[in-house]
Amino acid sequence: MRKISYAQALNEALREEMDRDPAVFLMGEDVGAFGNVFFVAKGLLDKYGPDRVRDTPISEQAIVATGLGAALAGARPVVEIMFIDFATMAMDPIVNQAAKMRYHSGGTLKAPMVIRTQGGVGRGNGSQHSQSLEAWFMHIPGLKVVMPSTPYDAKGLLKSAIRDDDPVVFIEHKRLYGTWGEVPEEEYTVPIGEAAVRRQGGDVTIIAASRQALLAEDAARILESEGIHAEVIDLRSISPLDRETIGRSVRKTGRTVIVHEACKTGGIGAELTAVVLEEAFYYLDAPVIRVTGEDVPIPFNADLEAAAIPSVDKIVSGVKSILQS
């Protein structure tokens, strides 16, 4: 099977959905002639023209609110917030409007829009361009929240998100755009809400999403060389959450390590811990461990930045710690 990059996979998803449905259009800062800051929209302006690939002023609130209006009028917009940090400027149209549109209308209105953005750490972008704010959106009923880790999932999940009749916050990771993976040329989608078991194991369950799921796989390979067999769950979406896969795995292994890049306090690990307790409390052989980002703003300095987030070594240490308890 051919291999393409994460960015190319996203580009293909946009092309295929724009070909399939003329109601799909893109809107955001630098998505047109520049093709997006990570070149995900490269070439789309030339193919589809300015009516369907629209550059906007730097106003995240206007981008999302305009997209929502278009969605209510029958379009399927894919709007872009360049850095998730600046979703703060658009929280009213996302949280108070788009997420609640179906509920407020008694089910008569729908808001089929995708809010594409990227988050995460690792490029020395500093504290205002490196946050992991996914827990904010996970907390809001009415929003789906997707976090793909591989090119295959990035393409299949984005196609599903565009076809969804409710708003989807689609969070890419800034350090994944240049990663490569197998992606079929034929049509496919990946369902939102189904986690992937990346590795089978019977000693411990590692739960992660986005780039941290890849680090968890690396950690599992190291652990296997030492005779420790870790099962790795890549959540792929955090809302809806695949409770069934989490519960089934933890009931098998009896131990859970949760990994995420965001700050520990109030992060998705807290909710995942609750899910583990609800689904598998009587099967646990040890307390749940969280390997997370530190509760600090992300530093600009590369060494300090690396120290503030999970690493393969930290995940390995977390697994060994839980096996000793």
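Is Phe-281 buried, partly exposed or exposed, and what is its relative accessibility? In this predicted model, Phe-281 has a relative accessibility of 48% and therefore counts as partly exposed, since that class lies between the 20% limit for buried and the 50% limit for exposed residues.

- Phe-281 lies in the loop that runs between helix H10 (268–280) and strand S14 (289–293).

**Open sheet**
- Seven strands make up an open sheet of mixed pairing, in the order S3-S2-S4-S5-S7-S6-S12.
- The edges are strand S3 (53–55) and strand S12 (237–239); each has a single partner strand, so one side of each lacks a neighbour in the sheet.
- On average, neighbouring strands of this sheet are turned by 20° against each other, direction ignored.
- Six bridges join strand S5 (residues 114–119) to strand S7 (residues 168–173) in the parallel sense, and Gln-118 has Glu-172 in S7 as its bridge partner.
- Packed on the sheet is helix H3 (residues 60–72), which touches strand S2 (24–28), strand S4 (76–81) and S5; the direction of H3 makes about 170° with that of S4.

**Helix H9**
- Buried residues in helix H9 (residues 243–253) are Thr-245, Ile-246, Gly-247, Ser-249, Val-250 and Thr-253.
- Their cover includes strand S9 (196–199), strand S10 (204–208), strand S11 (230–234), strand S13 (256–263) and H10.
- After H9 comes Gly-254, with a positive phi near 80°.

Methods. Residues numbered from 1 in each chain as written. Predicted model: local features only at pLDDT ≥ 70, side-chain atom pairs only at ≥ 80, totals over all residues. Heavy atoms only, no water. Helix = DSSP H or I, 4+ residues; strand = E, 2+ residues; numbered from the N terminus. Buried < 20%, exposed > 50% of the residue type's maximum accessible area, 1.4 Å probe, protein only. Pairing = 2+ DSSP bridges. Axes fitted to C-alpha atoms, helices over the stretch in contact; angles between N-to-C directions. Contact = heavy atoms within 4.5 Å.
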